[in-house]
Amino acid sequence: MEVTGFFTAIIIGLIIGALGRLVVPGKQSIPIWLTLLIGVVAAILGTLVAGVLGVDETAGVDWIELFLQVAFAAIGVSLVAGAYGRRR
């Protein structure tokens, strides 16, 4: 992953976090900053996994990479919402 890819993943991660939260059904009682942080981590993980699978450089929109990022974000939001809800 190049430096520009890393910064792009961070910026896209802010959007990915919101998409991940929308994908998860029900109400998540976690703060928005935590959702955005999960999105950044999910975007980086999705980019890395797409690179390992060899689908990070495709012609046009990288739909598989985007799907991986949103899936990681949805899983992260679900896990953190469950742990955060039990803590309160």
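A helix here is a DSSP run of at least four residues, numbered from the N terminus. Keep that in mind as you move through this predicted model.

**Stop 1: Gly82 in H3**

Select residues 63-87. This is helix H3, and Gly82 sits in it. Is Gly82 buried, partly exposed or exposed? Its relative accessibility is 28%, so Gly82 counts as partly exposed. Gly82 and Val55 are 27 residues apart in sequence. In space, their C-alpha atoms lie 31 Å apart.

**Stop 2: the length of H2**

Select residues 32-53 for helix H2. How far apart are the end C-alpha atoms of H2? They are 31 Å apart. The helix has 22 residues, and at 1.5 Å a residue it should span 32 Å, which agrees. Step just past the helix to Gly54. There, Gly54 takes a positive phi of about 80°.

**Stop 3: the buried residues of H2**

Stay on H2 and color its buried residues. They are Leu34, Thr35, Ile38, Gly39, Val40, Ala42, Ala43, Ile44, Gly46, Thr47 and Ala50. An α-helix has 3.6 residues a turn, so residues three or four places apart point the same way. Look down the helix with that in mind.

Now take three of these residues in turn.

- **Thr35.** This H2 residue is buried, because its relative accessible area is 1% and the cut-off for buried is under 20%. Beyond residues up to four places away in sequence, Thr35 touches Gly17, Ala18, Arg21 and Ile30.
- **Ala42.** Also a residue of H2, Ala42 has 3% relative accessibility and so counts as buried. Leaving aside neighbours within four places in sequence, Ala42 is in contact with Ile16, Gln69, Phe72 and Ala73.
- **Ala43.** Helix H2 holds this residue too. Ala43 counts as buried, at 0% relative accessibility. Phe72 is 29 residues away from Ala43 in sequence, yet their C-alpha atoms are 7.7 Å apart.

**Stop 4**

Click on Leu48, a residue of H2. Why does Leu48 count as partly exposed? Because its relative accessibility is 42%, which falls between the limits of 20% for buried and 50% for exposed.

**Stop 5: the largest nonpolar core**

Hide the surface. In soluble globular proteins, nonpolar side chains tend to be buried together. Which residues make up the largest nonpolar core here? There are 8: Val24, Ile30, Leu34, Ile38, Ala74, Val77, Ala81 and Tyr84. Both H2 and H3 supply at least two residues of this core. The largest share, 4 residues, comes from H3. Zoom in on Ala81. Apart from residues up to four places away in sequence, Ala81 touches Gln28 and Ile30.

**Stop 6: Phe6 in H1**

Finish with residues 3-23. This is helix H1, where Phe6 is found. Phe6 counts as partly exposed, because its relative accessibility is 35%. Now select Thr47, one of the buried residues of H2. Phe6 and Thr47 are 41 residues apart in sequence. Their C-alpha atoms are 8.6 Å apart in space.

Note on methods: Residues are numbered from 1 along each chain as its sequence is written. This is a predicted model: local features need pLDDT of at least 70, side-chain atom pairs count only at pLDDT 80 or more; totals for chains, interfaces and linings use all residues. Side-chain values use heavy atoms; hydrogens and water are left out. Buried means under 20% relative accessible area, exposed over 50%, partly exposed in between (1.4 Å probe, protein chains only). A nonpolar core is a set of buried Ala, Val, Leu, Ile, Met, Phe, Trp, Tyr and Cys residues joined through side-chain atoms within 4.5 Å. Contact means heavy atoms within 4.5 Å. The expected span of a helix is 1.5 Å times one less than its number of residues.
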